[in-house]
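Q: I'm new to this one and would like to go through it piece by piece. Could you show it to me before I start asking?

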Amino acid sequence: MTEIRLASLQGGAIALGSDTIAAFRQTLRGSLSLPQEPGYDEARTIWNAMIDRHPGAVVRCRGAADIARAVRFAREHGLILAVRGGGHNIAGNAVCEDGLLIDLSQMRSVRIDPVVRSARVEPGATLADFDREAQAFGLATPLGINSTTGVAGLTLGGGFGWLSRKFGLACDNLISADVITAEGELLQASATENSDLFWALHGGGGNFGVVSSFEFRQHSVGPMVLSGLIVHPFARAKEILAGYREVAARAPDELTVWVVLRQAPPLPFLPPEVHGKEVLVFAVCYTDDEASGNRALEPLRALGQPIADVIGMQPYAAWQSAFDPLLTPGAYNYWKSHNFVELSDDLFGILTSYAARLPTPECEVFIGQVGGAINRVAVDATAYPHRGANFVMNVHTRWRDRADERRSIDWARQLFTETAPHATGGVYVNFMPEDETERVPSAYGANYSRLAALKVKYDPGNLFRLNQNVQPAAERPAA
Ligand code: FAD
């Protein structure tokens, strides 16, 4: 090996000699993978196949010390730096081209304290890692709906799923975090230590440092929960959606109902003639006992004449992975997202007209129900600002053949534009695709300027820039 060339923060490339690389390699408990070396392709491959980047070098971390050394190395040499947790983010900022990649995916330990009801989670853990460990003790923290997602990126952007209406966002359940700063120092952040940094970690993404350990609050959940699907024929979708609006408005915090408009997969409980046809699906989870859950579900079950109702008691951890087969890694994906306070008939008209012409069989529109405990937190109490939204729409296009790319993306963008007048203007930072950089202020909303000021304090050189980036206040162009 002679020298390697890595992308510089200033633009262009920096050449590092073999001695420098060898010395850095020796300091690590984990490994350093250069192109073609073992682990390199695994580390650079993420959920969205649209992202195919080649970092100059990958540090496969085994602990906080590796993260600190990698950050210091990047800083000392002025290198472009990316941070990968679970590798699920649609925008693909977890991987850089030619720069240094900090890969956390091998740091996956989860330690539950069943007495205090807390969990210590390393930043490469997936939701499945966390849920399976916690459920052995009848505990859970609100996370997302797909078990291969990373806890780290999900939490740092907010994080909502089946338990959030009852127990808040994933980030609302943070007790503390260990953070490697842009200086390469280890800080503890909590309500009492570095509380401004702690505030920023609740939705400010990867802008403020690399979290090497999360400490979460846990709640009694399951292990069996009332959950599952109700599938309706598409022909009556608008009427059923109007009924859903009423159900959602009156739902207790324990009940969460998401809507999915898509083509029916060949699931065994659906008649074969429905497979591949558009359907409206309610995905449901109730987080208390079965009897009160069945009572809470009565208004939803009274709507229309479903093709199937497969709601029953099942392990919470199984429900947390129920959507995994539809969301496997390796496909091409593009998303567009809006937040809504209310769902109007006009909006339903637009959604159903687009859902009637899905670009590929794997495309879907989902409406996630939020609200409840999420919205009982003040907008300025955490960096996550969307405390007034009751629904989050994600237009999820997905295809396998590059020939489907253009029309899938165009379809998503048109649907996004037509539905915009009904939306709040805000957007969930974790649902933003790569091309939405101009929307970043909408993702942080009223909290943007405070985040920009904290960026000056914690990362004035914007070392952590491969994310939905908050620029240090002084660097921002004058309005
Ligand atoms: P990565 O791509 O590894 O990381 C995303 C970014 O987070 C990185 O670019 C980096 O900037 C930052 N980052 C990661 N780790 C660290 C760290 N340790 N320290 C500092 N910064 C870090 N979200 C929900 O809220 N609810 C859902 O139900 C939900 N469902 C999803 C389903 C699928 C199939 C997918 C693909 C995503 C879903 N999401 C959901 C969105 C998800 O929250 C984001 O994609 C999130 O960023 C994933 O985190 P990750 O660690 O896997 O991602």
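Q: At what angle do helix α1 and helix α3 pack?

A: This is a predicted model, and in it helix α1 (residues 18-27) and helix α3 (residues 64-77) pack at an angle of about 160°, with their axes 10 Å apart. Because angles over 145 degrees count as roughly antiparallel, α1 is described as roughly antiparallel to α3.

Q: And which residues make the contact there?

A: From α1 the contact involves T20, I21, F24 and T27, while α3 contributes D66, R69, A70, F73 and H77. Sorted by class, the contact of α1 with α3 has four nonpolar, three polar and two charged residues.

Q: What about α8 and α11, at what angle do they cross?

A: The axes of helix α8 (residues 237-250) and helix α11 (residues 345-355) come within 10 Å and cross at roughly 135°, which means that α8 is oblique to α11. The crossing is right-handed, and the contact is formed by A237, K238, L241, A242 and R245 of α8 together with D345, F348, G349 and T352 of α11.

Q: Switching to the ligand, which residues come nearest?

A: There are 35 residues around the ligand, and of these G85, G87, N89, F160 and Y428 come nearest.

Q: How far is the polar side-chain atom of Y428 from an oxygen atom of the ligand?

A: That side-chain atom of Y428 lies 2.6 Å from a ligand oxygen atom. On the backbone side, a polar atom of H88 is 3.1 Å from an oxygen atom of the ligand, and for a polar backbone atom of L154 the distance to a ligand oxygen is 3.3 Å.

Notes
Residues are numbered from 1 along each chain as its sequence is written. This is a predicted model: local features need pLDDT of at least 70, side-chain atom pairs count only at pLDDT 80 or more; totals for chains, interfaces and linings use all residues. Side-chain values use heavy atoms; hydrogens and water are left out. Axes are lines fitted to C-alpha atoms, for helices over the stretch in contact, and angles run from 0 to 180 degrees between N-to-C directions. Helices (H or I, at least four residues) and strands (E, at least two) are DSSP runs, numbered from the N terminus. Angles under 35 degrees count as roughly parallel, over 145 as roughly antiparallel, 65 to 115 as roughly perpendicular and the rest as oblique. A crossing is left-handed if the near helix is turned anticlockwise from the far one by less than a right angle, and right-handed if clockwise. Contact means heavy atoms within 4.5 Å. A residue is near a molecule or strand if one of its heavy atoms lies within 4 Å of it. A polar contact is a pair of N or O atoms within 3.5 Å; within protein, one must be able to donate a hydrogen and the other to accept it, and residues adjacent in sequence count only if both atoms are side-chain atoms. Ala, Val, Leu, Ile, Met, Phe, Trp, Tyr, Cys and Pro count as nonpolar, Asp, Glu, Lys and Arg as charged, and the others, Gly among them, as polar.
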